[in-house]
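The structure comes below, and the text follows it.

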Amino acid sequence: MVAAALTALPVLGTATAHAERVRDLGEFQGVRSNQLTGYGIVVGLPGTGDDNLEYLTQAMRGVSGRLGVQLPAGVAPGLKNAAAVMITADLPAFSKPGQRIDVTVSTIGKAKSLRGGALVLAPLYGADGQIYAMAQGNLAVGGLGITAKDGSQLTVNVPTVGRIAEGATVERAVDTGFDRNEVLRWNLFDADFLNAARVRDAINTRFPGTASVEDGVTVALRLPSGSDARASAMAAIEAIEVSPAEAAAKVIVNSRTGTVVINSAVRLSPAAISHGKLVIKVDEKPRVSQPGPFSNGQTAVVPNSQISVEEQGNHVALFKPGASLSSLVNALNKLGVSPSDLVAILEALKQAGALKAEMVVI
């Protein structure tokens, strides 16, 4: 896997800089989605629910009470056809009351499957504790769980999580304030002073005196007030093309899978790498020693060891000043390094000061 990745990497090193739209480099502050959560009850399950969990029983008493049905005191109904669930959803920016959003429903108890269930009307709350949507509907479950009488089980995917397409109705809009704030801020996805400066220059070329850099992430924009004029300016700014700066030199090592990724900014100082494998073989072939006839001797096992030492792949790779990614990859391919050897070589180059890159181990 690593060899294949290294073979393809030189193509990345020869790629030329290209322009990207401002909208692909960052986003306007405040214009984002908001997370909603809620607690609810799924009913109509074919015996795969939570049975008699106390919090489920209390919740069902509340649901039946809202519908005018009062359960007798001291009665704990068996609720194997119902399950207590957590509901999550993302409220997109500028969502208005009456619009519909998707919701995800997940069990929080011992329910075995939500297949065939329906979510009872439940409120979805934002981080401020306000209700922003109401969810209800039939679940679509991609998983399957089967239990036999002898205790054997078969589970396909995850049957305890379901989804309701357009299952919630927005009840409250989130005020972004994008049309009223004197200064609108645009944030890079990744902090980079050079990219922030290039975005500022590109915007000021189109709209002189509009943009200024606040830090390595944020560009402050002074746009005309009013929703219509400001929205038009934001749309035009997002379409502006910018030539992004070259990414910082990094080597990413996944210690679990052995994957190594080297970006095109990696450079090497003069260095030599010697890579080889020392193979030591110890072959034990004990022999049985038989005494001579009528010698009153005893049969004995005589040790017989054969040791051999072989050094394989004793190659040396030399890197000239400013060696590029393609030079590094070609040399490592010729050495025929394994994933563990590759990581060891890169770490040694870093310690020797020859690898001009940040090593990130994930």
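Which residues of α4 are buried? The buried residues of α4 are N195, A196, V199, A202 and I203, where buried means under 20% relative accessible area, exposed over 50%, and partly exposed in between (1.4 Å probe, protein chains only). They lie on the same side of α4, because the arc they cover around the axis is only 130°, taken from the directions from the helix axis to the C-beta atoms. An α-helix has 3.6 residues a turn, so residues three or four places apart point the same way. F193 and T205 are exposed on the other side of α4.

This is a predicted model, in which local features need pLDDT of at least 70 and side-chain atom pairs count only at pLDDT 80 or more, while totals for chains, interfaces and linings use all residues. Residues are numbered from 1 along each chain as its sequence is written, and side-chain values use heavy atoms, with hydrogens and water left out.

Helix α4 comprises residues 193–206; helices (H or I, at least four residues) and strands (E, at least two) are DSSP runs, numbered from the N terminus. Its 14 residues should span 20 Å at 1.5 Å a residue, and the end C-alpha atoms are 20 Å apart, which agrees. The expected span is 1.5 Å times one less than the number of residues. At the start of α4, a side-chain oxygen of D192 comes within 2.9 Å of the backbone nitrogen of L194. The buried residues of α4 pack against α2 (22–25), β11, β12, β13, α5 (227–238) and β14 (241–242), with contact meaning heavy atoms within 4.5 Å.

The whole structure holds five salt bridges, each a side-chain nitrogen of Lys or Arg within 4 Å of a carboxyl oxygen of Asp or Glu. Among them are these:

| Pair | Closest N to O |
|---|---|
| R163 and D102 | 3.4 Å |
| R185 and E214 | 3.1 Å |

R163 forms its salt bridge with D102. This pair links distant parts of the chain, with R163 in strand β10 (residues 161–170) and D102 in strand β5 (residues 100–107), 61 residues apart. R163 is partly exposed at 40% relative accessibility, and D102 is partly exposed at 33%.

R185 pairs with E214 in a salt bridge. R185 is in strand β11 (residues 184–188) and E214 in the loop between β12 (211–213) and β13 (218–221), so the pair ties together parts 29 residues apart in sequence.

Terms used. Polar contact = N/O pair within 3.5 Å; in protein donor to acceptor, adjacent residues only side chain to side chain.
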